[in-house]
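Here is a short briefing to keep beside you as you look over the model. Take a moment with the view, then read on.

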Amino acid sequence: FTRGEVLERFALPSERVVSIPHGVEPRFTPIDDDEILQRVRDRYRLPPRYLLFVGIASPRKNIDRLVRAFGALTDRERGDAHLLLVGPRGWKNARLTEALAASPIPHLIRHLGVVPDEDLPALYSLAAGVANLSSREGFGLPALEAMACGVPLVCADRTSFPEVVGDAALLVNPDDHDAIVGALATLLAGGEDVDVRRARGLARARAFTWERAAAATLEIYRRLAR
């Protein structure tokens, strides 16, 4: 997606621009150590079940739509799930402030702010699901991290997300409120389809390594040096 934008904006021949995907650090893996999990649960006073968003709270992240969709779930669909937002507060998030103020369930939504990197794998692993509804992403590293931790996810069906998550995520129109509500309900309901996507995500994440990114970058230097 980003390569295509560069080619179009600068009118470059296709062979001049190469796309090299990010990798995911090895520490992003399903955490099953009870001691680590309990420590993270206690540190953030985590609810038994939650949906997770990781990223900066800027307008393109579409968190206001996520908050509104979470609030529109029926009690049965939501169950005991909370919504946790992780990351810096960002800028121009008046829409998010309004969505939080208008939510019928503000007590079920928490912003944890910036957390230490070492806590992220456990936060992912404990989540019932991860939501990434950005209207625009150059890559979408949190989606890859979630897959590597074995967490099912809902992603926007545009920009770079389809390239990264493939068929491992529930893809949804990030501008369609009803579609987002339905996807969140499906994620929370679990079942065979969600389990299959979880397994696909784990397998897909293994293809995104920093060693592979480094090798591809080195090949560019070698090609240019010939």
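This is a predicted model: local features need pLDDT of at least 70, side-chain atom pairs count only at pLDDT 80 or more; totals for chains, interfaces and linings use all residues.

Residues are numbered from 1 along each chain as its sequence is written, and side-chain values use heavy atoms, with hydrogens and water left out.

**Overall fold**
- The chain holds eleven helices and six strands (DSSP runs: helices are H or I with at least four residues, strands are E with at least two, numbered from the N terminus).
- Its radius of gyration is 18 Å, close to the 17 Å that the globule rule gives for 226 residues, so the chain is as compact as a globular protein of that length (taken over C-alpha atoms; the rule is 2.2 Å times the number of residues to the power 0.38).
- Of the contacts with a separation of 6 or more, 71% join residues 24 or more positions apart (contact means heavy atoms within 4.5 Å).

**Burial**
- Buried residues are 45% of the 226 in the chain (buried means under 20% relative accessible area, with a 1.4 Å probe and protein chains only).

**A closer look at helix α7**
- Seven of the eight residues of α7 (residues 141-148) are buried, so this helix is largely enclosed by the rest of the structure.
- The buried residues are Pro142, Ala143, Leu144, Glu145, Ala146, Met147 and Ala148.
- Their packing partners include β1 (50-54), β4 (129-132) and α10 (192-205).
- After α7 comes Gly150, with a positive phi near 75 degrees.

Methods: Buried means under 20% relative accessible area, exposed over 50%, partly exposed in between (1.4 Å probe, protein chains only).
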